[in-house]
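Visitor: I am new to this structure and would like to know what stands behind the words used for it. Please show it to me.

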Amino acid sequence: MLRFAEEIILLLLGDEDGRFAHTRSWTLDYALAGAVLMDLAMEDRIDTDLENLILLDATPLGDDLLDPTLRDISAGGQQDIRYWVEHTAQRSAEIREDALGRLVGRGILERRDDRHLWVFRSRRYPAVDGTAEREVKLRIMGVLFSNEIPSPRDVMIIALAEACGIFSDLLSRQELERAAPRIEQVRKLDLIGQAMTRAILDIELSVAASVQARMYY
């Protein structure tokens, strides 16, 4: 089974060119941070209420995507969810590269370096056959556009995608308007999804207020 970070990568990679969607600069950082925390919750290492994150078990999982954050939580004392989202987001580049490396290693993606006259320009990750990428996207779309009961994993990833604005990259404006009530319904089904949404939106509001303040001074 893929980790949440790997599924977020597959949601955001373009179907044709293997490049990341043109999301806001912080979107991938906080999406990957939230993905790591959600996987730790699924592994019964942490739990949350709407404000606090509680360490349940500090035993390492033997997973390089998750264990660094688990060690930090174990050593970090009582902190709220927002703190751990921001803290884990500082490792987002490392998490992204690890998740991409796993997807390449599984044969789901391939790594291509675009060069012109031997000068490195960019790197992209096209799907090898598109099966895993389509499965993730179709699974999420199936929940959004039906009344089927979502799995706990799908509830979490939908809450995370909504908090980070990922659906605006996946859906047309008309589709997003149609899906909005269902997204709201689904994200309320899981406490950690609600907590993550609140934490990420709080961070976004703080960043926006800080930018606005700098514009006036």
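The questions and answers below go through the terms one by one.

Guide: This is a predicted model, in which local features need pLDDT of at least 70 and side-chain atom pairs count only at pLDDT 80 or more, while totals for chains, interfaces and linings use all residues. Residues are numbered from 1 along each chain as its sequence is written, and side-chain values use heavy atoms, with hydrogens and water left out.

Visitor: How many helices and strands does the chain have?
Guide: The chain has 10 helices and 4 strands. Helices are DSSP runs of H or I with at least four residues, strands are runs of E with at least two, and both are numbered from the N terminus. Along the sequence the pattern reads α-α-β-β-α-α-α-β-β-α-α-α-α-α.

Visitor: Why is Ala179 called buried?
Guide: Buried means under 20% relative accessible area, exposed over 50%, and partly exposed in between, with a 1.4 Å probe and protein chains only. Ala179 has 0% relative accessibility, so Ala179 counts as buried. Ser92, in helix α5 (residues 92–105), has 9% and therefore also counts as buried. In the chain, buried residues make up 44% of the 217 residues.

Visitor: What makes Asp44 exposed?
Guide: Asp44 has 53% relative accessibility, so Asp44 counts as exposed. Asp44 sits in the loop between α2 and β1 (46–48). Phi of Asp44 is near 60°, a positive value in a residue other than glycine.

Visitor: Why is helix α7 described as largely enclosed by the rest of the structure?
Guide: In α7, 10 of the 12 residues are buried, so the helix is largely enclosed by the rest of the structure. Among the buried residues are Arg153, Asp154 and Met156. Just after α7, Gly165 takes a positive phi of about 75°.

Visitor: Where does α9 have a kink?
Guide: The kink, about 45°, lies at Ala179, shortly before the proline Pro181. The bend at a residue is the angle between axes fitted to the seven residues ending there and the seven starting there.

Visitor: Which residues is Ala179 in contact with, leaving aside its neighbours within four places in sequence?
Guide: Contact means heavy atoms within 4.5 Å. By that rule, leaving those neighbours aside, Ala179 is in contact with Leu144, Phe145 and Leu171. With the same exclusion, Ser92 is in contact with Asp29 and Leu32.

Visitor: At what angle do helices α2 and α4 pack?
Guide: Helix α2 (residues 27–42) and helix α4 (residues 81–89) pack at about 115°, with their axes 8 Å apart. Axes are lines fitted to C-alpha atoms, for helices over the stretch in contact, and angles run from 0 to 180 degrees between N-to-C directions. The contact includes Tyr30 and Leu37 of α2 and Trp84 and Val85 of α4.
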